[in-house]
Amino acid sequence: MMDSGHYTHLLLAVDFDPSGAPVIARAGQLRTLFGARLTLLHVLEHVSAAQEYLPLGFGGDLPVPDDLGLEQELLDIAQHQLDVVGDALGVAAGDRLVRVGPPGHTIDAVAAEVGADLVIVGSHGQHGFLGLFGSTAKAVLRSLKCDVLCVKLAEASDV
């Protein structure tokens with residue numbers, strides 16, 4: 001809980017989409033405002049090697065190796081991109097996390113693991129109140145035990 005009346009550990013979910021720059025900027029502002037620790041998290045959704053390399057509509061059995069190195073390559077790329085963001089924000093290397101899993105559940109789990117008291121996500125959601133949050137933001141809101149700041153991102157037509 002927030003005994004001191006302000007946030008002490010922020011968790012920023014980063015997706016590397018250029019439209020997410022306002023989310024990163026907001027996290028930096030809040031970290032400065034509260035003097036809080038900032039942890040960066042990028043979540044890769046798991047795609048099996050077989051699914052990645054099969055043509056659409058293929059229903060037969062095709063022997064595909066379990067590990068084609070694709071997931072490790074994606075992890076390495078994500079870590080490099082997260083390091084660029086972390087360097088720009090001055091976030092310690094140990095607070096730059098890349099995980100594999102369903103985004104909503106993974107964000108919730110990491111928030112609990114690091115003891116975050118505010119999770120910051122971006123959302124492209126529209127369509128009135130019920131559509132206010134995007135699918136990842138909705139998934140995070142369902143089970144998170146701390147506060148969530150959902151920064152509204154501009155759609156391409158809004159710019």
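1. What percentage of the 159 residues of the protein count as buried? The figure is 36%. Keep in mind that this is a predicted model. The accessible surface of the protein comes to about 9500 Å². Carbon and sulfur atoms hold 57% of that surface.

2. Start with the overall layout. The protein has five helices and five strands. Read from the N terminus, the order of elements is β-α-β-α-α-β-α-β-α-β. Now look at contacts between residues at least 6 apart in sequence: 75% of these join residues at least 24 apart.

3. Next, helix H1. It covers residues 21–34, which is 14 residues. From first C-alpha to last, H1 reaches 20 Å. That is close to the 20 Å expected at 1.5 Å a residue.

4. Which residues of H1 are buried? They are Val23, Ala27, Gly28, Leu30 and Arg31. These five lie on the same side of H1, because they cover an arc of only 165° around the axis. An α-helix has 3.6 residues a turn, so residues three or four places apart point the same way.

5. The other face of H1 looks different in the model. Turned away from the buried side, this face carries Thr32 and Leu33, and both are exposed.

6. What covers the buried residues of H1? The cover includes three elements with these ranges: strand S1 (9–13), strand S2 (37–44) and helix H3 (70–89). Strand S4 (118–123) and strand S5 (147–152) are also among the cover.

7. Gly35 follows the helix. The phi of Gly35 is positive, near 60°.

8. Now the aromatic rings. A pair of aromatic rings is described by the distance of the centres and the angle of the planes. The count for this protein is one aromatic pair. The partners are Tyr7 and Phe34, with ring centres 5.3 Å apart. Their planes meet at 80°, so the pair is edge-to-face; the cut-off for that label is over 60 degrees.

9. Last, compare how covered the two partners are. Tyr7 has a relative accessible area of 17%, so Tyr7 is buried. Phe34 is at 21% relative accessibility, so Phe34 counts as partly exposed. The cut-off explains the two labels, because buried means under 20%.

Key: Residues numbered from 1 in each chain as written. Predicted model: local features only at pLDDT ≥ 70, side-chain atom pairs only at ≥ 80, totals over all residues. Heavy atoms only, no water. Helix = DSSP H or I, 4+ residues; strand = E, 2+ residues; numbered from the N terminus. Expected span 1.5 Å × (residues − 1). Buried < 20%, exposed > 50% of the residue type's maximum accessible area, 1.4 Å probe, protein only. Arc of directions from axis to C-beta. Contact = heavy atoms within 4.5 Å. Phe/Tyr/Trp six-rings, centres within 6.5 Å; stacked < 30°, edge-to-face > 60°. Areas by Shrake-Rupley, 256 points an atom, 1.4 Å probe, with all protein chains shown as cover.
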